[in-house]
Amino acid sequence: MTQGRRVWLKRVALGALACVPLRGLLAQQGQGRGVASLSEQLTKGLRAVTPDQQQFVQVVVLNVDQGNLPR
């Protein structure tokens with residue numbers, strides 16, 4: 001394999017890898033297609049069924065939206 005081809009392959013591989021974390025970040029923040037909102041994820045994941053539990057989820061979501069809590 002020539003030196004030029006190796007450099008080209010490295011650049012292509014690094015370029016492809018650079019896109020991977022961005023997709024993960026967008027999906028985590030609920031901006032990807034078919035991704036449930038944070039409220040839905042917490043409600044279903046924690047199985048919040050009572051009004052008090054659902055209110056707690058809403059408080060957490062509000063604090064995340066305000067930047068008081070990390071996602």
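Ground rules first: I number residues from 1 along each chain as its sequence is written, and my side-chain values use heavy atoms, with hydrogens and water left out. As the model is predicted, local features need pLDDT of at least 70 and side-chain atom pairs pLDDT 80 or more, while totals for chains, interfaces and linings use all residues.

**Ser39.** I started in α2 (residues 38-45), where Ser39 sits; helices here are DSSP runs of H or I, at least four residues, numbered from the N terminus. Is Ser39 buried or exposed? I found Ser39 buried, at a relative accessible area of 19% (buried is under 20%, exposed over 50%, partly exposed in between, with a 1.4 Å probe and protein chains only). Leaving out residues up to four places away in sequence, I see Ser39 touching Val57, Gln58 and Val61 (contact means heavy atoms within 4.5 Å).

**Helix α3.** Next I looked up which residues of α3 are buried, and they are Val57, Val61 and Val64. They cover an arc of only 60 degrees around the axis, which puts them on the same side of α3 (the arc is taken from the directions from the helix axis to the C-beta atoms). The buried residues of α3 pack against α2. On the face turned away from that buried side I noted exposed Pro51, Asp52, Gln55 and Phe56. Just after α3, Gly67 has a positive phi of about 90 degrees.

**The contact.** From α2, I listed Leu38, Ser39, Leu42 and Thr43 meeting Val57, Gln58, Val60, Val61 and Val64 of α3.

Technical notes
Helices (H or I, at least four residues) and strands (E, at least two) are DSSP runs, numbered from the N terminus.
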